[in-house]
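Please look over the sequence and the structure below before reading on.

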Amino acid sequence: MLNLGYFLDSLKAAVSYIPQNLFMSLMTLLICCVLGTLAAMARVYQVPVIKPICDFLLALLKALPQNLVLLIVYLVFTITFSPIMAFLGVKANIQNVDMVYVAIAALSISSLAGVSEVIRAGLLSVGKGQYEAGYTVGLTAGQTFFHIILPQTIRAVIPPLTNSILSLVKATSLVSVIGVMDIMNGAIVAANTYYSYIEAYVAAALVFWVLGIIIEIASRKVEIHFSRSVKQLA
Amino acid sequence: MKNKFQFRKAGSLALVLTMILTLLASCGSKNTNSSAESKSSSSQSSEASATKVAAGEKTKLKVGIGNMFTPFCYLDDDDQPTGYDYDVMMAISEKLGDKYEFVVTPDDFSNLLIGLDTGKYDVAVHHFGYTAERAENYLYAKEADMYFGNFRIGFSKDRTDITDLASAAGKTIATTSGSMSESLLLKWNEENPDQAVKLQYIKDNTVVYQGITSGLYDAFVGSQYDLDTLSEQYDGFMKYSDYNVTTSDYDCGAYFVYSKGSDAMQQDIDAALVELREDGTLKALSETWLGADYTENPNA
């Protein structure tokens, strides 16, 4: 059924895009975690003005399909780049911008709501008594948050966040709509010469699958690390 | 707990290794068996069709046709296949109606080819361009149902620096994955490594339009027909030079593609295509759908 030569061509191409895919997914995750935590904190701690804005924006972002966000960000970028650079007086060539960053911006926008909800759920999972315990022993609000609440939140969010990472890694196969190459399309382009698409799809599936397993194992390790104190208590 | 986890880890690792080995084993076996298999299956199918015709029954001819390649093969507002290639196939089905029962299924570009591999389709219709490499794996029709015409290099109407591929050396040229323009560009890069162009894969006309007008991409290579249609769609934003990207040894026909061994079907359909060309049906369809006659080989 499969031709080994074509399969290896596609596999090689797919593997060569792993660093780019991981870079895109991890950068996106980092951005989403930072912004998502801020948004989640604003919502959990009922910060006036900011909370309703976050509620509204996240609900808006949640509703948009990822490839639509990619196209919109691409169009906004290409339309506004030259006017903005001219306004700033910077002489810049649009071709020198790596489109990977445009893809990261788009993926961040579409994944922000999901990641923020995961973190919000994590924050809510820590009981009120934990805050009170912190304040009783004389810790400040900041100390209570960073030393007591945050570690427990991290432990709670790792399993759902692993899901977010996995869907991000898979979502990178959509960035080809704005012309950024990835594992999936690298494999397909390698197959164009001989029209060997079955081999290409199997190669891409294999790469995604191995990546998924690695991410799963890594997340277990991190989860165990953050669960140390819990086990000692039990 | 720790033992359990390690056990699970070892288990998943073993699973991965088994899957990879199985895959590779099945890959390896193709090289030796495939030609024999396809030969035997073809003789079987021709025998089968012979007996069916003798019994007065029609052979089923499974046609896979593209679903988003306007105006050649795409879906209309009611999700029904339509387009130039579809109408040509319908005209062929009228000619061959006594012998074959045509079953037409719309599908995605690469799925059409996979469908040929798996036997889901007997013939794939997606304006396939011919290269010797592709003909190693699939049986190409001998008759083209359309000729792409010459390929041109298109660029923003404000630019004067690009005239041919040599002048576009080092520049970014947009193309679509799996297209004739892609293989022409790859061939150029292979033969002119000093004047190589950068290939940029795109999927969407809006992205090409916006990429070319913003300067993100320098040029777009396509058939004259593609460039005219694209430029018209966005107020004539693009123009092209007289430079012919298609080299003289290149085949500029658009072909139906069959699985290896479907020679009988291919010959029947080719014969019907010749008739349609001679009686003017192809020309009329081309003028209706494409606005001009693209059914004669411009390089013949």
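Predicted model: local features only at pLDDT ≥ 70, side-chain atom pairs only at ≥ 80, totals over all residues.

Residues are numbered from 1 along each chain as its sequence is written, chains are lettered from A and ligands numbered from 1 in the order in which they are written, and side-chain values use heavy atoms, with hydrogens and water left out.

Chain A brings 39 residues to the contact and chain B brings 45 residues, where contact means heavy atoms within 4.5 Å. About 3800 Å² is buried between chain A and chain B, 64% of it on carbon and sulfur atoms; buried area is the accessible area (1.4 Å probe) that two parts lose on being put together, summed over both. On the side of chain A that touches chain B, the elements giving two or more residues are α1 (4-16), α4 (66-88), α8 (183-191) and α9 (197-226) of chain A. Helices here are DSSP runs of H or I with at least four residues, and strands are runs of E with at least two, numbered from the N terminus. The most comes from α9(A), with twelve residues.

Chain B holds an open sheet of three strands in the order β2-β3-β4, with antiparallel pairing; two strands pair if DSSP finds at least two bridges between them. Because β2 (68-69) and β4 (81-82) of chain B stand at the edges, each with a single partner strand, one side of each is left without a neighbour in the sheet. Two bridges join β2(B) to the antiparallel strand β3 (residues 73-75) of chain B. B:Phe69 lies opposite B:Cys73 in β3(B).
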